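Work through the exercises below with the sequence and the model side by side. Try each task before reading its solution.

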Amino acid sequence: MMWEIIGMTIMTSGFDSLNPMAIGQQFVLQGLVKKPRDIWYFILATGVMNFLGGVVFYFSFATIFIQSWTKIIVWLHPYLSTLQIIGAILLFILMGVYLWKQRGPVETQKKITIKGNMTPTALVLLGLGATLSELATAFPYFAFIGWLMNQSFHSILVLCLMIVYNIIYMLPLMGLYAVYCFRREQFDRFYRWIQMQMIRWQRRLIPLILGGIGIYLLILGLF
């Protein structure tokens, strides 16, 4: 029985650890952090959110969240059009402010951006977002949780297995950080090129994205 538990945990977490969203984001973010070790905020946020998601589904807390969310939607429904219009106006204002600030020389912004502008808070939020976006398609994780539900394990053992699962889940991200530390010079050259491309395109894409979402919300609010 013990080998079955170990095998199931390692097998499912190993498949689940190949998280393209988190790995891809960390590959880019590693070159944008002010200090290399700051990327741990992203790694740990990814693992903790994945662990909490598993706890929510295993202990059936998801039903409570869904019911609460439904009540919130029903309560907001009469004000939804007004909120959409307000959101559109705020996005248009944000777009205008962004365009106003972009009047300076591109070289100045390049010099600032390449130093690294990803704060720990931003890394945590990106880690949470990457995990949430993958939870809906985390079939190995749900298979593991379903298997746990069919067993008669004590809650403490379940939590311990989930912790082990999520440590394995984070291993590729830890490995990517280790590789970066050993090959930092080569990675930094590549990251520098990525940052230059990001600076080049963000002046065009950000206003288009903000304006597009604003127009979409305005149409929903008016019609």
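**Exercise 1: Ile89**

Ile89 sits in helix H5 (residues 80-101). Helices here are DSSP runs of H or I with at least four residues, strands are E runs of at least two, and both are numbered from the N terminus. The model is predicted: local features need pLDDT of at least 70, side-chain atom pairs count only at pLDDT 80 or more, and totals for chains, interfaces and linings use all residues. Residues are numbered from 1 along each chain as its sequence is written, and side-chain values use heavy atoms, with hydrogens and water left out.

Solution. 
- Step 1. Take the cut-offs: buried is under 20% relative accessible area, exposed is over 50%, and partly exposed is in between (1.4 Å probe, protein chains only).

**Exercise 2: The whole chain**

Task: How many helices and strands are there in the chain, and what share of its residues count as buried?

Solution. 
- Step 1. The chain has ten helices and zero strands.
- Step 2. Read from the N terminus, the elements run α-α-α-α-α-α-α-α-α-α.
- Step 3. Of the 223 residues, 35% count as buried.
- Step 4. Take contacts (heavy atoms within 4.5 Å). Among those between residues at least 6 apart in sequence, 84% join residues at least 24 apart.

**Exercise 3: H1 against H9**

Task: Describe how the axes of H1 and H9 cross, and list the residues that make the contact.

Solution. 
- Step 1. Two packed helices are described by the angle between their axes and the distance between the axes.
- Step 2. The axes of H1 and helix H9 (residues 155-182) come within 8 Å and cross at roughly 40°. Axes are lines fitted to C-alpha atoms, for helices over the stretch in contact, and angles run from 0 to 180 degrees between N-to-C directions.
- Step 3. From H1, the contact uses Ile5, Thr9, Ile10, Thr12, Ser13, Gly14 and Asp16; from H9, it uses Leu161, Val164, Tyr165, Ile168 and Tyr169.
- Step 4. Ile10 of H1 is partly exposed, at 47% relative accessible area.

**Exercise 4: Thr131 and Asn50**

Task: Is Thr131 buried or exposed, and which residues does Thr131 touch?

Solution. 
- Step 1. Locate Thr131 in helix H7 (residues 120-135).
- Step 2. Its relative accessible area is 0%, so Thr131 is buried.
- Step 3. Leaving out residues up to four places away in sequence, Thr131 touches Ala45, Thr46, Met49, Asn50 and Tyr169.
- Step 4. Thr131 and Asn50 are 81 residues apart in sequence and 6.2 Å apart in space, C-alpha to C-alpha.
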